[in-house]
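Thanks for coming, everyone. Please have a look at the structure, and then we will walk through it together.

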Amino acid sequence: MKLSDFDFDLPEALIATRPARPRTSARLLLAEGGTISDRRVSDLIDIFRPGDRLILNNTRVIPARLTGYRARGEARAKIEITLMEPAAHGWRAMAKPLRKLNIGEEIVFSPALSAEVVEKSDGDLRLVFNLLGQDFDAALAQAGAMPLPPYIAAKRAPDAQDWDDYQTVFARHAGAVAAPTASLHFDEALLRALVAKGVGLTEVTLHVGAGTFLPVKVDDVTTHKMHAEWGQVSARAVQEIAATKAAGGRVIPVGTTALRLIETAAQGGTLLPWEGPTDIFIYPGFRFQVADALMTNFHLPKSTLMMLVSALMGKDVIDRIYAHAINTGYRFFSYGDSSLLIPDKGLGATPAGPVHP
C-alpha cells in the first residue's frame with residue numbers, strides 16, 4: 001500500500017471553517033455497503049435501531065493555543081505555543097518560531113501564567129509551567145484559545161464561538177488538544193431522542209493529541225508510526241458493549257478516536273477494561289474485533305484516517321463515497337459534514353464478532 005493510494009483532489013471551497021447550525025442540521029452521507037444516500041444528522045433517529053449502541057469519546061478539549069513573549073534585555077519577541085500532550089514534567093508543545101527559543105528561557109503568557117523551556121528538539125519542546133493543578137487550569141482558561149486544526153487556523157483565528165463549537169455536549173474529562181469531531185454533530189435533544197428509542201450510549205475517553213494532524217511521511221504506509229494518545233475503557237463500558245453484542249445489537253463508535261480506543265482494548269482477542277497510551281494504526285487488512293459501523297467526518301487526503309475508513313469499508317467503496325461527497329458539495333474536515341459507514345461482509349471489512357465481558 002502506497003501513500004498515493006489514499007490521495008484525492010479536494011476543492012478548497014469544501015473545507016468548512018464553521019460548523020452547521022444547529023449541529024444536527026449537518027449533512028450525513030449514509031453508506032450501507034456499496035449503497036450511498038444523502039441524509040441529515042437529524043435523520044439518525046430513524047436510521048439507528050433499538051438495541052444499537054453508540055460509543056462516545058467524552059474527552060474535553062483544553063484551550064491549548066497560547067500566545068506569549070520571551071524577553072532578552074529590552075527586546076521582546078512574540079511566541080506562539082500549541083500544547084501537544086502532558087509530559088513526565090510539564091508539557092510537550094509546538095512553538096513558532098521554535099528555532100529562536102533557547103533552553104532556560106521563560107515565556108510569559110499572562111500576568112498569572114508563564115513557562116520555562118527545559119528541553120528542545122528539531123520538532124518541538126518541553127515546557128514547565130509556573131502553576132499546577134486547578135491553578136494551571138484556571139490560568140490556561142484565561143490565557144488560552146481553542147486549538148483549531150491547521151487547515152482552519154490558516155483561514156481564520158479562533159474566537160469566542162469556538163469555545164462552544166469545538167466542544168462536544170458530553171465533554172467531561174479535560175486533556176484533548178483536538179476535538180473528537182464526529183461527536184460535534186450531536187446535541188442534547190438528539191441524544192435524549194436516541195435513548196428514548198432504545199439506542200444505548202457508552203462513554204470512553206481518548207485524549208486526542210496534536211499528532212492527529214501530523215502528515216504521513218513514508219511512501220509505504222505499513223511502515224508509518226502512529227503518535228500515542230492516552231485512553232481509558234472502563235469495566236462498565238466493556239459490560240455494556242458485551243451485552244449489546246449478545247443481544248444482536250450493533251456497536252457504532254462515533255468518531256475514529258472512539259473506534260481506535262475500543263479496538264485497542266480488544267487487541268488480545270477479547271474486549272477488556274483498558275487504560276494507557278495507544279498508538280494503534282488501522283489500515284486495510286485490519287481485523288475489527290468490536291466496531292460494526294462508524295460515524296465519522298470526511299478526512300484529509302493521504303491521512304491515517306483515510307486508511308482507517310478504507311479498512312472498514314474497502315478501498316473501492318471509500319473512493320466512491322468520497323467522489324460522491326465532493327461532487328455533491330459535502331463540507332470536509334473538523335467542522336464539516338458527517339458520514340455513517342456500515343460495511344457489508346465481503347466489501348473489504350471484517351465485521352466484528354461477539355465480545356465477551
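Let me start with a question: is Phe 333 buried or exposed? Phe 333 is buried, at a relative accessible area of 6%. Buried here means under 20% relative accessible area, exposed means over 50%, and partly exposed is in between, with a 1.4 Å probe and protein chains only.

A word on the source. This is a predicted model, where local features need pLDDT of at least 70, side-chain atom pairs count only at pLDDT 80 or more, and totals for chains, interfaces and linings use all residues. Residues are numbered from 1 along each chain as its sequence is written, and side-chain values use heavy atoms, with hydrogens and water left out.

Back to Phe 333. Its place is in the loop between α9 and β17. Helices (H or I, at least four residues) and strands (E, at least two) are DSSP runs, numbered from the N terminus. Phe 333 is not a glycine, yet its phi is positive, about 75 degrees.

Lys 302 also has a positive phi without being a glycine, near 60 degrees. Lys 302 sits in the loop between β16 and α8. Its relative accessibility is 36%, so Lys 302 counts as partly exposed.

Now the rings. Across the whole structure, a search finds 14 aromatic pairs. Rings of Phe, Tyr and Trp (its six-membered ring) pair if their centres lie within 6.5 Å; planes under 30 degrees apart are stacked, over 60 edge-to-face, and the rest tilted. Take Tyr 322 and Phe 332: this pair is edge-to-face, with 5.8 Å centre to centre and 75 degrees between the planes. Tyr 322 is in helix α9 and Phe 332 in the loop between α9 and β17, so the pair ties together parts 10 residues apart in sequence. Tyr 322 is buried, at 6%. Phe 332 is buried too, at 0% relative accessibility.

Ring pairs also build a cluster: Phe 8, Tyr 151, Phe 298, Tyr 322, Tyr 330, Phe 332 and Phe 333. Tyr 330 has a charge over its ring: the charged end of Arg 27 sits 3.8 Å from the ring centre. The rule for that is NZ of Lys or CZ of Arg within 6 Å of the ring centre and within 35 degrees of the ring normal.

Next, helix α8, residues 304-313. How many of its residues are buried? The count is 10 of the 10, so α8 is largely enclosed by the rest of the structure. What covers these buried residues includes β1 (27-32), α7 (256-265), β16 (294-297), α9 (315-327) and β17 (338-342). Contact means heavy atoms within 4.5 Å. After α8 comes Gly 314, with a positive phi near 100 degrees.

Now look at helix α5, residues 188-197. Leu 190, Leu 191 and Leu 194 are buried there. Seen down the axis of α5, the buried residues fall within an arc of 100 degrees, so they line one face of the helix. That arc is taken from the directions from the helix axis to the C-beta atoms. On the other side of α5, Arg 192 and Ala 196 are exposed. The cover over the buried residues of α5 includes α1 (44-47), β3 (53-57) and β12 (200-206). Gly 198 follows α5, and its phi is positive, near 110 degrees.

On to strands. β5 (residues 65-72) and β6 (residues 75-86) run antiparallel, joined by 8 bridges. Two strands pair if DSSP finds at least two bridges between them. Ala 71 has Arg 76 in β6 as its bridge partner. The hairpin of β5 and β6 has 2 residues between the strands, and Gly 73 takes a positive phi there, near 65 degrees. β5 also pairs with β8, antiparallel, over 2 bridges. Tyr 69 stands opposite Val 108 in β8. Arg 76 lies over the face of Tyr 69, at 4.4 Å from the ring centre.

Last stop, Gln 167. Gln 167 is in the loop between α4 (162-165) and β11 (173-176). Its relative accessibility is 6%, so Gln 167 counts as buried. Which backbone nitrogen does the side chain of Gln 167 reach? That of Val 61, at 2.7 Å.

Two cis peptide bonds to finish. One joins Arg 21 and Pro 22, with omega about -5 degrees. Another joins Lys 96 and Pro 97, omega again about -5 degrees.

Technical notes: Polar contact = N/O pair within 3.5 Å; in protein donor to acceptor, adjacent residues only side chain to side chain.
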